[in-house]
Amino acid sequence: MSEEAVAVAKHEKRSWLTPFNVVMGIILLLGLILTIRRFTGGLGSVTNLDDTSPWGIWVGFDLYCGVALAAGGYVTAASVELFGLKKFHAAVRPAILTGFLGYSLVGFALLYDVGRPWRLPYPFVVSQGVTSVMFEVGACVALYLTVLFLEFSPAALEWLGLKRLRNVLVKMTIGLTIMGVVLSTLHQSSLGAMMLIVPSKLHPLWYSPFIPIFFFISSIVAGLSMVVFEATLSHKYFSDKMDEEHAASRDVVALGFGKAASMVLIGYFAIKVFGVALGNHWDLLFTGWGAWFLVEMLGFVALPAFLFAVGTRDRNVKLIRATALLSVLGIVLNRLNVTLIAFNWTLPLHEKYIPNIQEIGVSVFVVACGIIAFRFIVTRMPIFYEHPDYKEAH
Amino acid sequence: MPEGIHTLQEFMLRTKGVVYILAFAYLAGFIAFWRFLNQGKKRY
């Protein structure tokens with residue numbers, strides 16, 4: 001072998017050892033070990049879950065945060081396909097992909113969390129339990145995952161060169177978008193409705209008969225913010241995969257979605273205040289829990305609403321992007337407050353559920369799987385660019 | 001139970017009354033927010 005060939009071979013060998021691959025490789029390896037422990041030793045071997053706290057971080061983070069942050073799919077598709085805001089068209093495929101991967105990972109994480117995961121299809125084929133809110137959540141998530149798969153499929157079919165099937169699916173776009181909005185409205189709110197059963201366990205500042213509405217409205221904020229946040233990361237790491245239209249639409253999407261997010265956030269802030277007023281819980285605001293509630297409401301709802309508004313007014317895209325991250329963190333904080341932090345709030349700290357490091361490890365593993373899948377897809381399929389064969393299709 | 005509230009009727013009257021006031025305040029405030037949002041260099 002010549003020196004040149006050896007140098008090329010060495011370079012190719014080195015190119016696999018990028019920081020991204022090393023970090024992801026370590027996470028995947030640890031995740032596989034935890035997976036084996038979970039499915040051979042049971043939930044008790046890797047979690048701190050018990051009969052008092054049967055739902056932990058896998059529900060609070062992987063499911064509740066995952067579903068909320070995957071809302072960008074229905075928000076963006078509805079904006080473009082139903083409301084006719086075609087200037088945001090370039091954001092649709094990345095948003096649908098993020099939503100599809102988000103919901104897929106919710107299903108994947110549920111396999112770890114459910115004691116007998118092979119029974120996940122039972123609500124559809126064995127015992128429906130149609131009076132349960134959880135049945136509604138399960139049915140909607142399963143159906144919406146199917147809808148997202150069909151919405152995402154045209155990109156995969158363009159990549160595979162299956163024109164006829166791709167054209168059939170593209171003709172279904174409006175119907176699928178309507179289905180997506182209906183199913184998302186149902187299950188985003190139903191995730192909140194599941195908390196209606198625990199008025200004595202959830203702190204009164206977070207519990208409200210209107211919690212389904214809170215969850216639905218905040219999911220719109222999560223979707224809008226997540227699209228802006230995801231676009232920021234994509235432009236940083238995948239700018240070489242983008243065509244001119246996509247690159248040019250970056251600021252348009254940030255300004256438009258930032259403006260929408262500011263209006264929805266200010267409405268969300270108002271209805272949360274109405275929730276406190278309807279429960280007459282003003283006195284609780286002057287407790288420790290009240291201070292924490294105010295941190296969420298002022299720091300992660302009112303502040304992003306104001307910053308989005310300033311960013312939109314001054315056309316300050318950098319501010320909007322930074323605020324999108326703040327807003328995403330706010331949604332994560334809200335979901336964790338409802339499901340974990342303010343849940344079982346009367347228990348002393350030593351009896352409260354605190355996630356095991358292995359549980360956190362599985363959640364990191366699930367997120368890493370999503371990042372790897374996202375990277376695999378956007379580097380191969382027409383997500384950030386129009387496929388040359390379909391340039392005139394939009 | 002807050003002072004002056006002894007029945008569910010009184011509780012609902014008080015809390016709903018407060019929410020109605022807050023809702024009207026929000027609607028007035030939203031107009032100001034809308035004006036703030038659209039007073040920039042160029043209306044988006």
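Mentor: Start with Glu245(A). Leaving out residues up to four places away in sequence, Glu245(A) touches Ala90(A) and Glu386(A). Bear in mind that this is a predicted model.

Trainee: Where does Glu245(A) sit?

Mentor: Glu245(A) lies in helix α11 of chain A, which covers residues 244–279.

Trainee: And why does Glu245(A) count as partly exposed?

Mentor: Because Glu245(A) has 14 C-beta neighbours inside 10 Å. A residue is buried at 20 or more and exposed at 12 or fewer.

Trainee: How far apart are Glu245(A) and Asn21(A) in space?

Mentor: They are 30 Å apart, C-alpha to C-alpha, with a sequence separation of 224 residues.

Trainee: Switching to the core. Which residues touch the most other members of the largest nonpolar core?

Mentor: Leu69(A), Val221(A), Leu224(A), Val227(A), Val228(A) and Leu265(A), out of 102 residues in that core. The top contributor to this core is helix α10 of chain A, residues 211–237, which gives 14 residues.

Trainee: Take Val227(A). What is Val227(A) in contact with, leaving aside neighbours within four places in sequence?

Mentor: Gly72(A), Thr76(A), Ala91(A), Ala95(A), Val253(A) and Phe257(A). Gly72(A) and Thr76(A) are also among the buried residues of α4(A).

Trainee: Is α4(A) largely enclosed or open, then?

Mentor: Largely enclosed by the rest of the structure, because nine of the eleven residues in α4(A), residues 72–82, are buried. Tyr74(A), Val75(A) and Glu81(A) are among the buried ones.

Trainee: What do those buried residues pack against?

Mentor: Four helices of chain A: α5 (92–113), α7 (133–160), α9 (173–193) and α10. After α4(A) comes Gly84(A), with a positive phi near 70°.

Trainee: How many residues of chain B are in contact with chain A?

Mentor: There are 18, and they meet 15 residues of chain A. That side of chain B has twelve nonpolar, three polar and three charged residues.

Methods
Residues are numbered from 1 along each chain as its sequence is written. Chains are lettered from A and ligands numbered from 1 in the order in which they are written. This is a predicted model: local features need pLDDT of at least 70, side-chain atom pairs count only at pLDDT 80 or more; totals for chains, interfaces and linings use all residues. Two residues are in contact if their C-beta atoms, placed from the backbone, lie within 7 Å. Ala, Val, Leu, Ile, Met, Phe, Trp, Tyr, Cys and Pro count as nonpolar, Asp, Glu, Lys and Arg as charged, and the others, Gly among them, as polar. A nonpolar core is a set of buried Ala, Val, Leu, Ile, Met, Phe, Trp, Tyr and Cys residues joined through C-beta atoms within 7 Å. Helices (H or I, at least four residues) and strands (E, at least two) are DSSP runs, numbered from the N terminus.
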